[in-house]
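Colleague: Before I use the labels in your annotation, I would like to know what each one rests on. Please show me the model and then take my questions in turn.

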Amino acid sequence: MNSLTLYQPGESLFHRCDSRTKLALIVSFAICAFLFFNPIVPFALAVTGFVMNIIATGRYAWTNALTKVLVIIIVFFLIIHGFVNPLGKTPAHFFGSPISIPYFGSYSLEGAYYGLTFGFRVAAVALIALLYVSTTHPTEVVRGLVNLGIPYSFGFMILMSLQLIPISNREAKTIISAQRARGLVERTLWDRIKGLLPLFVPLVVSSLERMETMAMALEARAFGSKPKPTPLYEVNFS
């Protein structure tokens, strides 16, 4: 069965680290990625984050959906900035001819430079965040935030948001399989775009129903009666 959490059990160094250590790592990566306006620095950070994910979670590092989406995001930034960035002055050439499309003009080298910079920045921060959620048990996520002074209810809200990602992904696959069994047409890209609407409605409805059930379960268990619940295990900040 597919895991209903983003956490991947393991015994790596990152699994044994305190949650606050990995949060500090995320902040450090974000500062370094946005401090230098050069695609080489965020690219190096993204590669480092990807290697760290491979060390910690192995095959999951490149089979999860987030890693695949990051490639699309980088290409998206590269295309959009290349065509619409107002700082673009030097047109890019392909076999001696400038690259251009109607209504957007020519593709610029400066725009491509900015697109790579922003794309790799997003990838660097997202990959180190993936390392955090995939090597930190959900209860450790909440405990680390609480130890930093964040209210327990707020940390629990973040935890539930993270838990919804794999659950919603599983439900989306189930809905798509059911639609295909009923003759969903997917011959062209436009057919797939039109198929998103019948996917979106049942997914939102099921998510709202799940949240209502969870709210009733929390109330039945007196959630919030104790501001800081006692943890079962203590992990040192090291």
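Modeller: What follows is a set of questions about the labels, each answered from a predicted model.

Colleague: How many helices and strands are there, and in what order do they come?

Modeller: The protein chain has 10 helices and 4 strands. Read along the sequence, the pattern is α-α-α-α-α-β-β-β-β-α-α-α-α-α.

Colleague: Why is Lys89 called exposed?

Modeller: Exposed means over 50% relative accessible area. Lys89 has 65% relative accessibility, so Lys89 counts as exposed. Its place is the loop between helix H5 (65-84) and strand E1 (93-94).

Colleague: What does Lys89 touch, once residues up to four places away in sequence are set aside?

Modeller: Lys89 touches Ser108 and Glu110.

Colleague: Why is Gln179 called buried?

Modeller: The cut-off for buried is under 20% relative accessible area. Gln179 has 14%, and is therefore buried. Gln179 belongs to helix H8 (residues 152-181). Beyond its neighbours within four places in sequence, Gln179 is in contact with Leu184, Gly195, Pro198 and Leu199.

Colleague: How do you know that the span of helix H2 is close to the expected one?

Modeller: The expected span is 1.5 Å times one less than the number of residues. Helix H2 (residues 19-35) has 17 residues, for which 24 Å is expected, and the distance from its first C-alpha to its last is 24 Å.

Colleague: Which residues of H2 are buried, and what covers them?

Modeller: The buried residues are Ser19, Arg20, Lys22, Leu23, Ile26, Phe29 and Ala33. Their cover includes helix H1 (13-16), helix H3 (40-57), helix H6 (109-135) and helix H7 (138-147). An α-helix has 3.6 residues a turn, so residues three or four places apart point the same way.

Colleague: What share of the protein chain is buried, and what share of its accessible surface belongs to carbon and sulfur atoms?

Modeller: Buried residues are 34% of the 238 residues. The accessible surface is about 15,000 Å², and carbon and sulfur atoms account for 70% of that area.

Methods
Residues numbered from 1 in each chain as written. Predicted model: local features only at pLDDT ≥ 70, side-chain atom pairs only at ≥ 80, totals over all residues. Heavy atoms only, no water. Helix = DSSP H or I, 4+ residues; strand = E, 2+ residues; numbered from the N terminus. Buried < 20%, exposed > 50% of the residue type's maximum accessible area, 1.4 Å probe, protein only. Contact = heavy atoms within 4.5 Å. Areas by Shrake-Rupley, 256 points an atom, 1.4 Å probe, with all protein chains shown as cover.
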